[in-house]
Amino acid sequence: MTELKDFYDLIVVGGGPAGLAAAVQAWDQGLRSILILERDNELGGILNQCIHTGFGLQIFGQELSGPEYADRFRQMADERGIQRLCGAMVLSIGTDRTVCITGSSCGVRRIGCKALILAMGCRERSRGAINIPGTRPAGIFTAGTAQRYINREGYMVGKEVVILGSGDIGLIMARRMTLEGAAVRMVCELEPYSNGLTRNIVQCLEDYSIPLRLSHTVTAIHGTERLTGVTVAQVDDRRRPIPGTEELVPCDTLLLSVGLIPENELTRQAGIRMDPVTGGPAVNEFMQTSCPWVFACGNVVHVHDLVDYVTLESRRAGAAAARFVTSGLTEQAGTVTRGVDGVRYIVPQVITAPGPSPAEVTLLFRVGRPFRGAQLEVRSGGTALCGLKKARLLPGEMERITLKPEQRVLLGSELEIAVVPRTEPAQQ
């Protein structure tokens, strides 16, 4: 790489799909002094271990594997000559628009910038986060760790498998383990519905006759040197194990797919306003945080289900950061968004006051439970702005509604998205 400078127009923290898309977009908007910082030894992020297809249908009109999708953006960054530093970790963000970094190739140093984009992605919840009682044998992995071992390192993690959690990584690993010759005994899900995409339930479980046990959890872990089995029990509507439903399931491997947490230690340290529901920074439609020179995009803001949505959101952040550097885009007060009546959260959390030529705004949101035959309503100040009929709404699938310019000018101090009328939860 070229010599590291002391100052850049734009620094992007994270070289995964979000960071790459944001950096490429910022370059295309005219910035030439851009640095991508990536703590791994190569760009691409989690996509490098996602060897299954299903990526890129919206962005490229093709069904690509994760490495292929990442390589498209690596090539774009190479063609533009965007500077990157891999094997480098950001330690802190300074109020003087600097970041402190460390790495084997750069030591410890501080670099300044005009704008910063946070694209650190997310991490998996571990066994310690969910407090499963029992011993501490080998054979317990998060689903993403097992995915890396198998797809990138060439290690088989086990032969008799139970998966706890029906998130997309867990569903995909159920299929992957089966294709590698393992016997996946079951996938257990604490909730009465799956948290993964419907297509993954069909393609990864039903196509391979892998049972999905809803309203079930692992209540105990057995084994000394190596896992020998787990106790599985049904839970009630308060997520408490029901006595008498316990079942000992022999296995040598337990994969945990129990949720993702946006990587926001740096964000909190910088004093940026956070959304307690998403676990990410609160942003406006430009992906601008409460610190005007800091932008955020991708899974660091909220966990996405499709990488194509990450790319679209990150392009918006890259374009806005470039505009901030060149013409001084500033955070503006506007409409606060909130989800009600079944809607868990909305991104962006703030919509800025419209100018003389207001642009349309896309709202991303998730429901907190399944609904069938539902209608979504967007309203502000008691006025319904638009609605959308849905055959079903699922927590594992992100929803989108776009406000047109003529609707945006009608916004008051608050905007709500609600599920109306109230319907009973749909069973999958």
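Biologist: How many salt bridges does a search of the whole structure find?

Modeller: The general idea is that a salt bridge pairs a side-chain nitrogen of Lys or Arg with a carboxyl oxygen of Asp or Glu within 4 Å, and a search of the whole structure finds 23 of them. This is a predicted model, in which local features need pLDDT of at least 70 and side-chain atom pairs count only at pLDDT 80 or more, while totals for chains, interfaces and linings use all residues. Residues are numbered from 1 along each chain as its sequence is written, and side-chain values use heavy atoms, with hydrogens and water left out.

Biologist: Which residue forms a salt bridge with E416, and how far apart are the closest N and O atoms?

Modeller: The partner of E416 is R379, with the closest N and O atoms 3.0 Å apart. Through shared partners, salt bridges join R338, D341, E377, R379, E414 and E416 into one network. Within it, the side chains of E377 and R379 meet at 3.2 Å, N to O.

Biologist: Are E416 and E377 buried, partly exposed or exposed?

Modeller: Buried means under 20% relative accessible area, exposed means over 50%, and partly exposed lies in between, using a 1.4 Å probe and protein chains only. E416 has a relative accessible area of 15% and is therefore buried, whereas E377, at 22%, is partly exposed.

Biologist: Where in the chain do E160 and R185 lie?

Modeller: The side chains of E160 and R185 meet in a salt bridge at 2.1 Å, N to O. The pair links distant parts of the chain, with E160 in strand β11 (residues 160-164) and R185 in strand β12 (residues 183-189), 25 residues apart. E160 is partly exposed at 27% relative accessible area, and R185 is partly exposed at 39%.

Biologist: What is the strand order of the open sheet of 5 strands?

Modeller: Strands of a sheet pair through backbone hydrogen bonds, either parallel or antiparallel. Two strands count as paired if DSSP finds at least two bridges between them. In this case the open sheet has the order β10-β17-β11-β12-β13, with parallel pairing, and its edge strands are β10 (140-142) and β13 (212-214), each of which pairs on one side only. Strands β12 and β13 run parallel and are joined by 3 bridges, and the bridge partner of C188 in β13 is R213.

Biologist: Which helix lies across β10 and β17, and at what angle to β10 does this helix run?

Modeller: Angles run from 0 to 180 degrees between N-to-C directions, with axes as lines fitted to C-alpha atoms, for helices over the stretch in contact, where contact means heavy atoms within 4.5 Å. Helix α4 (residues 143-153) lies across β10 and β17 (253-256), running at about 95 degrees to β10.

Definitions and conventions
Helix = DSSP H or I, 4+ residues; strand = E, 2+ residues; numbered from the N terminus.
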